Amino acid sequence: MPHRCRDCRKFFSVKTGTVMQNSKLGYRVWAVAIYLMANHPKGMSSVQLHKELGITQKTAWFLAHRIREGWKLQTPMQHFIGPVEADETYVGGLEKNKHAKKKARKGPIGTKTPVVGMKDRFSNHVYARVMPDGVTMDSVYDFLSEKLHGRAKLYTDESRVYTNAHHYHKKVCHSRGEFVRGDVHTNGLESFWSMLKRAHKGTFHYMSPKHLQRYADEFAWKHNVRKMSIRTQMQKVARSLEGKILTWKKLTK
């Protein structure tokens with residue numbers, strides 16, 4: 001704590017007021033961790049991170065989630081002018097792989113956590129949100145109204161939750177084998193879902209519903225800045241850490 005405020009007479013450092021606050025890790029460890037997480041398209045597990053940085057797995061897990069806190073809902077302020085693709089997916093393990101006592105008797109979805117997303121074809125940006133209470137017409141409408149421009153074209157599948165979601169709405173019927181009809185499709189957003197699920201299956205193996213939004217924010221951020229240089233990406237991450245504090249108690253409660 002090399003600096004001291006003349007008004008409140010409290011000592012502070014560069015870490016104060018950021019997610020690095022009260023962290024005993026050095027700046028170099030934080031910089032390397034940001035580089036590793038931003039530069040791996042399928043994510044980096046806390047086990048691999050602790051090997052690369054020479055810290056404990058517990059510390060690496062806490063470090064990774066604090067960096068993800070900086071990526072929290074990092075989307076452009078402007079509306080999506082479209083055409084916009086909207087779709088939902090479900091993240092979690094397969095019911096057939098679970099023990100009989102842990103299997104959910106709720107149909108094919110089981111205990112998976114729903115995530116709704118949209119992709120703007122004009123800016124190529126993605127915005128995703130976890131829906132812990134389920135996907136309904138009202139929740140989808142509220143989600144779309146945040147970013148969707150009033151005159152943007154909306155493309156979805158035949159799910160009923162998108163009924164009356166927007167004025168300019170067209171859909172494809174996946175259940176009938178229709179995936180593309182001219183410009184109407186959701187292939188771009190489904191490509192983003194596949195990346196998220198490959199990270200779930202191959203890198204993390206488990207994403208708890210409690211922390212799933214942070215993982216969704218991480219991959220949405222990586223998608224939105226993927227054409228930038230790694231230097232620019234790290235600068236954006238460093239700026240996004242300011243004003244966000246995530247304590248161990250808050251993370252684990």
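Two strands count as paired if DSSP finds at least two bridges between them, and strands here are DSSP runs of E with at least two residues, while helices are H or I runs of at least four, numbered from the N terminus. With that in hand, look at A86: its bridge partner in β4 is M118.

A quick word on the source: this is a predicted model, where local features need pLDDT of at least 70 and side-chain atom pairs count only at pLDDT 80 or more, though totals for chains, interfaces and linings use all residues. Residues are numbered from 1 along each chain as its sequence is written, and side-chain values use heavy atoms, with hydrogens and water left out.

- (Buried means under 20% relative accessible area, exposed over 50%, and partly exposed in between, using a 1.4 Å probe and protein chains only.)
- T113, V115, G117 and K119 point one way from β4, with P114, V116, M118 and D120 pointing the other way, and all are buried.
- On one pairing, strand β3 (residues 84-91) runs antiparallel to β4, joined by 8 bridges.
- Strand β5 (residues 125-130) also pairs with β4 in the antiparallel sense, over 6 bridges, and here D120 stands opposite H125.
- The β4 and β5 hairpin has 4 residues between the strands, and N124 takes a positive phi near 65° there.

**Aromatic pairs**

- You'll find 6 aromatic pairs in the structure. Rings of Phe, Tyr and Trp (its six-membered ring) pair if their centres lie within 6.5 Å; planes under 30 degrees apart are stacked, over 60 edge-to-face, and the rest tilted.
- W61 and W248 make an edge-to-face pair, because their ring centres are 5.7 Å apart and their planes sit at 80°.
- W61 is in helix α3 (residues 57-70) and W248 in helix α8 (residues 248-252), so this pair ties together parts 187 residues apart in sequence.
- W61 counts as partly exposed at 23% relative accessibility, and W248 does too at 33%.
- F192 and W193 form a tilted pair, 5.5 Å centre to centre with 50° between the planes. F192 is buried at 4% relative accessible area, and W193 is buried at 4%.
- Ring pairs also link W61, F62 and W248 into a cluster.

**Charges over rings**

- The charged end of R66 sits over the ring of F62, 3.9 Å from its centre. (That takes NZ of Lys or CZ of Arg within 6 Å of the ring centre and within 35 degrees of the ring normal.)
- K147 has its charged end over the ring of Y127, 5.7 Å from the ring centre.
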